[in-house]
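User: I would like to go through this model in a series of questions. Please let each answer end on the value or name requested.

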Amino acid sequence: MSQLLDLQHVTVDFQSKNGLLTAIRDVSLQIKAGETVCLVGESGSGKTITSKAIMRLIDYEHGRISEGSIVLDGVNLAKLSQHELRGLRGKKMAMIFQEPMAAFDPVFTIGNQIMEAILEHQQVKKDVAWKQAIHLLERVGIPEPTLRMKQYPNELSGGMLQRAMIAMALACGPELLIADEPTTALDVTIQSQILQLLQELKAEYQMSILLITHDMGIAAEMADRIIVMYAGRVVEQATSEQLFEKPHHPYTRGLLRSITTIDSHRGNRLFSIEGSIPPLTDMPSGCRFHPRCPYATQKCLLDEPPLFEINGRQTACWHGEQLVESEDGIGKSEVMPPIAVIEPKHDQHHSTLQRQLLFDVKGLSKAYPVGKGLLQRASSLIHAVDDVSFTIEKGETFGLVGESGSGKSTLGRVLLQLEKASKGSIRFQGLELTQLKTAELQKDRRDMQVIFQDPYGSVNPRWQIGDIIGEPLMVHEDLDATVRRERVEALLEAVGLKRGWYERYPHEFSGGQRQRIGIARAIALNPSFVLADEAVSALDVSVQAQIVNLMQDLQRDLGLTYLFIAHGLHIVRHISDRIGVMYLGKLVEIAASEELFLHPAHHYTKGLIASIPVPDPKQKREPFSLQGEIPSPANPPSGCRFHTRCPAATARCKEEPPAWQEIQRGHWVACHHPA
Amino acid sequence: MKEVISAKTVWQAPELQANAQRRGREFDVSQLFVYASGLVILFYVLCALAPQWVAPYEPTLMMTDKILSPPSSTHWFGTDYFGRDVFSLTVYGSRDSLFIGVASVLVGGLFGGALGAFSGYIGGIVDTILMRFIDIVMTIPGILLALAIAAALGPHLFNIILAVAISAIPGYARVMRGQIMSIKSRPFITASRSIGTPHRTIILRHVLPHSWSPLLVMATIGLGSSILIGSGLSFLGLGIIKEIPDWGALLSQGRGYLTVAWWICTFPGLAITLFVLSVNLIGDQLRDMLDPKTSRGR
Amino acid sequence: MCKRFLGRILASIVVVFGALVFVFCILYLLPGDPVLSILDPATATPEMIENMRKELGLDQPFHIQFGNYFAGILQGDFGTSLVNSDPVLPKILLHFPATLALTLASTIFSAVIGIVLGVLSAIHRNSWIDIVARLVGLFGISMPTFWSGILLILIFSVYLGWFPAMGSDGFMSLILPSLALGFVGAGFIVRMVRNSMLEVIHEHFIVTLRSKGLSEKAVMYRHALRNALIPAITIIGIHIGDLLAGTVIIETVFSRQGIGRVIADAIMARDLPVVQGVIFFSAIVYVVVNLLVDLSYSLVDPRVRRAS
């Protein structure tokens, strides 16, 4: 079959303040007509640059293709002028982006922007374009397309905007669709809908898709072929089956092993690739992966490996062939040595301490007023958390999951009294937190600490990391400077950083290292409880695993209790003993981790789990996924809040809010018709 | 992509970064202007502090034989209708003009900054009321307000300073408040609160250190406009009537001789412009340096 | 939409009232006896001063004075001049058209120059037009208007003789003053538009537009410009107030009759009611202009329009 797109040895340079930076080097890839190719890699791997190079959008960002050719259907894009390219962009090749909210011009209507693409490339009248646009919106599953045409981007949800974006990209029937992390900014249920839509449209429009993602699950689900990039180079290229069956490059292998799946054993330690991704300004010599590679030799350090053809696929590793031979069957099936201590220790806790409660939350609500002005009274309330009751036991990890807008982060903040509760009680170690005075609360904060989502924003950029980590000590303990420094240095070591880095500033650290700083600060006072609010969500997969392992080690050593809030379900499953599921401010299900995933009782939980892409191309998951989107919390549905999206909803669900019932020991659910 | 380029790692030696920055700057022409501006400002400061070192003549010296003589090698800026050397007058005139500018920025910046910081940190109803009040004051354009105050208080140096300072307070207050509000919402403040750090410590150690820079930028650019307003007031005749006129008064006096002696007005005006221009250039540079948003595209 | 409209108008009225109180307070609280500035302290007997006080109502307590003034304002009576007992409001209204013409002309001049240069300089960054624009911006905000006005007179009246140097009759006499005044505005607007345009150019949606195959022209002038103008409009609105105030100096430089001159003369004569009246009047103009700007916002920015 002929190649639709053929990249040969493409190198892209960027003009920057510090001189010329090479963003991607010697990248070759092909896409056949009708094929879906996934470009996977972590941040900084150059996958987005590659896609922008194909569209030649890098020209606007001080970038240029310094070497190689990009041939689309016989035309070398690298040699075209911007004027000639314009005729191809949007017509022969189209692109959709990661953040649909930012990708539309806020001051033009959706309809206007879709029509613009049509009118640019087709000789049609406005009314024809209008009809075409409505048709497209209908096709991508947007309800009431005529109304949407006249709406502005801020009036649509992220999921709807991404659909509209797809409609816009399809406007002129492109042969190649480039999708740059199209679902990363969306919730998992919406992600699943969008991916399904892309599959359908690909067949319908007979186009090729270049899908860029960091999620191996998405790649497994969507791709015919997968190209793995690392630090601006292609390191491996294989069909989807080949790659997941037997990854050749040590990086791919590490990546596949560091993701958690429904099959991985919870007691096991996560595999992680040591170190972090090198920045563009400081690329290692030789094989760019060698500083993190367990198999690196002298040769790897000195010479850059080309893409070798092995077993009908490509790998850029000097030792690829040997490694595959010597460790045949290694793949993802290999189990990591279990951290045997974790689970037994938990049992111990349970027996000796007799399920001692750390947190006892009853009827907790948090409402925010909306549309409040100086003279007006609040026109309505948003119930971010509504009548939630649960407990957290000492020494356990309680996971909290749900789509954005479910109120999980608000619940976390209210729990720690970072925001005042509107109603309900929170007992922490027998103490009623909602009644505490500010001064008392400040004192008691030493027992409950937080690890935040944003490793960049949650540390003061002007402080040395020693001072950042030492801040809690300064507030709560009267130590002299040398003792404090000693404590901080010990903490640095405990989280895997060097003692000598005390005087460095946060900007000198990578995301993963900064998260370690955040963790060190959280454990500085030996708290009994730590809230991890999306603590690993902003990190790359290989780094995520390091942090999760660190958190588990610390839990074991210090006897911590975690509340782990995240939207990545597998990570939550891996780390949590029990998991609570939230939907629109309500807690809908609580169960032990395994139990929840194996026998989800609430239909929402079921839908959530079914929406997760499985990183195994052979295991195509059933096309069941939740329809629709989470409604606005300002105006939640009556009865069971989930009834609008529930496949099992009955008339009763519409009227009567379901009661909280225990269907099995420790398995609670709020549903009239539990599965 | 942006993130990747800017992300620096532990392994990157600091010397290397410094070198790269230095190399980048060498070819930046605007950098040259900034240095030039610095020198200009230094020269003005020298004029204001020690005019006798710079001015070739006594400003009060009336050379009756040289009335209204055009610029020449002996009188660079020419002479006025009393036969005074315009260059020397301009040099001596810088003293009051600069003093008014600097003092009013200090007074206005201090009061405005404190007001804005207070309002922003307290928030709630106090903030709303204060900001409405600022809105009201802002409906009266700065120079009108200054005029009215200066007129009511009478011509005295301190009254002029007060007038200019008061008219600038709302601007400073708004900037400071905005800054405080934005810092307050940053995650590291929440992080510090979650640790149990008391409010006082948060304000002193987290919030304030982050709020100086925009105030500094604002004050620098404010210095320019304060000098413009101050000299405007004296141009209108509200300034101090002294033997040695400041820049505004110098222009005002020269205006009557426009048709016969262009130089009396032109040079002092140029002097004001050059100074304000330099201050603004420095202000722009400061803002670019302190604000990551504007420096990204460079 | 209608509710928002009414709300804004109501808020504006409150602000105008606040401005009235503020102006009154400032002038009341400040030391200095207006009576002494009318009567010569050397010749006036204490009795004469006392009588004058009574006549002007200055012996009354603050709230009575304010009440009287406020009641007058409501009936369109801004008080009378201390110097010649002329009523203040007719005087202001008489001279306002000349000032309005000057303000409008300089606004148009500065908006056109400012927006065109600002946009071009952002699009063609580091080109010669960018350098010109940055210089205009820098000089605009750095040159005192009384100096640029004098320079214009020197060049275009004294030496070239193209335009009259003074007076307020006819179109020709309007050109130089509005250039001098408008140059300041142009400086502010150039800087503002350039910055906001640069910011918009880096937004994500610009990449989307390019990926659709739109021409750079369409991307810049249809999309980026419209986004960048939204903040620029606010600045222009705020700036009209400054322009209005700037007329005080410009009208003096060009010897034009306008309310700027009125207040300048009144200040010299310490004619308090006139000063008060003009300041209050300009506050009203400022509020009205900003109300208009605010409402025009909703025409440009759909986010505001739909938010109501």
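This is a predicted model: local features need pLDDT of at least 70, side-chain atom pairs count only at pLDDT 80 or more; totals for chains, interfaces and linings use all residues.

User: Which residues of chain B does the UniProt annotation "transmembrane region" cover?

Analyst: The annotation comes from an unreviewed UniProt entry. In the model, residues 157-176 of chain B are 100% helix and 0% strand, with end C-alpha atoms 28 Å apart. Residues 261-283 of chain B are 96% helix and 0% strand, and their end C-alpha atoms lie 35 Å apart. The annotation covers residues 32-54, 98-122, 129-151, 157-176, 215-241 and 261-283 of chain B.

User: Does B:Phe111 count as buried or exposed, and why?

Analyst: B:Phe111 is found in helix H5 of chain B, residues 86-122. Together with B:Val102, B:Leu106, B:Val107 and B:Leu110, B:Phe111 makes a nonpolar surface patch of about 500 Å². Because the relative accessibility of B:Phe111 is 55%, this residue counts as exposed.

User: What span should helix H7 of chain B have at 1.5 Å a residue?

Analyst: Helix H7 of chain B comprises 12 residues, 142-153. The expected span is 1.5 Å times one less than the number of residues.

User: How many of the 12 residues of H7(B) are buried?

Analyst: The buried residues of H7(B) include B:Gly142, B:Ile143, B:Leu144 and B:Leu145. Just after H7(B), B:Gly154 takes a positive phi of about 95°. H7(B) is largely enclosed by the rest of the structure, because the number of its 12 residues that are buried is 11.

User: How many disulfides are there over all chains?

Analyst: A disulfide requires a pair of cysteine sulfur atoms within 2.5 Å. The sulfur of A:Cys293 has its closest cysteine sulfur in A:Cys317, at 6.1 Å, which is too far for a bond. A:Cys293 is buried at a relative accessible area of 16%, and A:Cys38 is buried at 0%. By this rule, the number of disulfides over all chains is zero.

User: How many residues apart in sequence are the parts that A:Glu200 and A:Arg139 tie together?

Analyst: A:Glu200 and A:Arg139 form a salt bridge in which the closest N and O atoms are 3.1 Å apart. A:Glu200 lies in helix H8 (residues 188-205) of chain A and A:Arg139 in helix H5 (residues 126-139) of chain A, so the parts that the pair ties together are separated in sequence by 61 residues.

User: Does B:Asp127, a salt-bridge partner of B:Arg177, count as buried or exposed?

Analyst: The closest N and O atoms of B:Asp127 and B:Arg177 are 2.6 Å apart. The pair links distant parts of the chain, 50 residues apart, with B:Asp127 in helix H6 (residues 124-138) and B:Arg177 in helix H8 (residues 157-184) of chain B. Because its relative accessibility is 5%, B:Asp127 counts as buried.

User: Which residue of chain C meets B:Asp284 in a salt bridge?

Analyst: The N to O distance of this salt bridge is 2.8 Å. B:Asp284 lies in helix H12 (residues 262-290) of chain B and its partner in helix H8 (residues 172-201) of chain C, so the pair joins two chains.

User: Which residues of chain A does UniProt list for "domain: ABC transporter"?

Analyst: This listing also comes from an unreviewed entry. Over residues 5-256 of chain A, the span is 40% helix and 28% strand, and the end C-alpha atoms lie 27 Å apart. For this domain, UniProt lists residues 5-256 and 359-609 of chain A.

Technical notes
Residues are numbered from 1 along each chain as its sequence is written. Chains are lettered from A and ligands numbered from 1 in the order in which they are written. Side-chain values use heavy atoms; hydrogens and water are left out. UniProt positions are given in the numbering used here, feature names are shortened, and annotations may be inferred rather than shown by experiment. Helices (H or I, at least four residues) and strands (E, at least two) are DSSP runs, numbered from the N terminus. Patches are made of residues with over 30% relative accessible area and no salt bridge: like charges are joined within 9 Å, nonpolar side chains (Val, Leu, Ile, Met, Phe, Trp, Tyr) within 5 Å. Accessible areas come from the Shrake-Rupley method with a 1.4 Å probe; for residues, only the protein chains shown count as cover. A salt bridge is a side-chain nitrogen of Lys or Arg within 4 Å of a carboxyl oxygen of Asp or Glu. Buried means under 20% relative accessible area, exposed over 50%, partly exposed in between (1.4 Å probe, protein chains only).
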